[in-house]
Amino acid sequence: MPTADTSLPPISVLDLAPVPEGRTPGDALRNTLDLARHAERLGYRRYWLAEHHNMTGIASAATSVVIGHVAAGTATIRVGAGGIMLPNHSPLVIAEQFGTLEALFPGRIDLGLGRAPGTDQMTLRALRRDPSVAEQFPQDVLELQALLGPVQPGQRVQAVPGAGTEVPLWILGSSLFGAQLAAAFGLPYAFASHFAPDALMRALRVYRDNFTPSAQLDRPYAMVGVNVFAAETDAEARRLFTSAQQSFARLVRGTRGQLPPPIDDIESFWSPQERAQAMNMLSCSFVGSAETVRRGLESFLAETGADEIMVASAIHDHAARLRSYEILAEVHRSLRGAA
């Protein structure tokens, strides 16, 4: 289980398994494993994948399958879901899936849980789920936790594998609801500020002020999502960042697609309104050379007091993405040395 640490917070990877324009989901999943091995060598704490459906630019829809793929190809890094959208599933099925992962890769599996569907309403119907099941999220979390816990006398429904594994649960969120729930249940909390930063500071305050210790966690532990686009120069990093900027502008337009290649002039791509909306969503982003990223990260850690940083990097070129995580690891080592 995570524990609070007064030294520099660890860094981890959030991989949406982006499908770059001109490539296939198979290419994206092979890139995922390559990045996970790279992150493991660089000393990242954990490697998470997220559940999204009906999105041509994201290849991690079958999240537990991809987690197994990554865990089998690595040796020490923790691998998990950031997250599983629990309203899309029965708690029993998720307990069996993650119980199986824990049986195969003991001590390395995390299970982050989200309340959003991770898709649109039409796809939600295709998943055969009623949108109202999201209202049962707190009860479903408790049911899942019980299924992963020790078998109780007279318990007639068991997760096999799963029962007794006590796979660590996390609550994910981008609003005060998740913060309140994580605090009430005594679970670690991961805030999705890499794309929805508006309530970040309020959510952290609610979580920390209301935390109740549990069997899993004795004090609050908050992980915060950011985007990092690091390169040898600020100009090169800003150009890499234009792939994410285009993607978020397309999200505003309602025209999602695969991850586009970078462009030289982002201002010619979007309208002022699209720019304002996209850059608000991307406000927790650090873009630049090692020194620029270092200054931004130092300030962000001082502001949030985050116990861990989860880093997304939607970079079109795989080699540049590997290098960005490498530069960030070097920045983290330098900060740790200074601390």
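Helix α1 (residues 25-42) has 18 residues, which at 1.5 Å a residue should span 26 Å, and its end C-alpha atoms are 25 Å apart, in agreement with that value. The expected span is 1.5 Å times one less than the number of residues; helices (H or I, at least four residues) and strands (E, at least two) are DSSP runs numbered from the N terminus. The model is predicted: local features need pLDDT of at least 70 and side-chain atom pairs count only at pLDDT 80 or more, while totals for chains, interfaces and linings use all residues. Residues are numbered from 1 along each chain as its sequence is written, and side-chain values use heavy atoms, with hydrogens and water left out.

Buried residues (under 20% relative accessible area, 1.4 Å probe, protein chains only) of α1 include D27, N31, H38 and L42. Their cover includes β1 (11-15), β2 (46-49), α2 (63-72) and α11 (318-338). After α1 comes G43, with a positive phi near 95°.

Helix α2 is largely enclosed by the rest of the structure, because seven of its 10 residues are buried. These are T63, S64, V66, I67, G68, V70 and A71, and they pack against α1, β2, β3 (78-85), α3 (91-104) and β4 (109-114).

Terms used
Buried < 20%, exposed > 50% of the residue type's maximum accessible area, 1.4 Å probe, protein only. Contact = heavy atoms within 4.5 Å.
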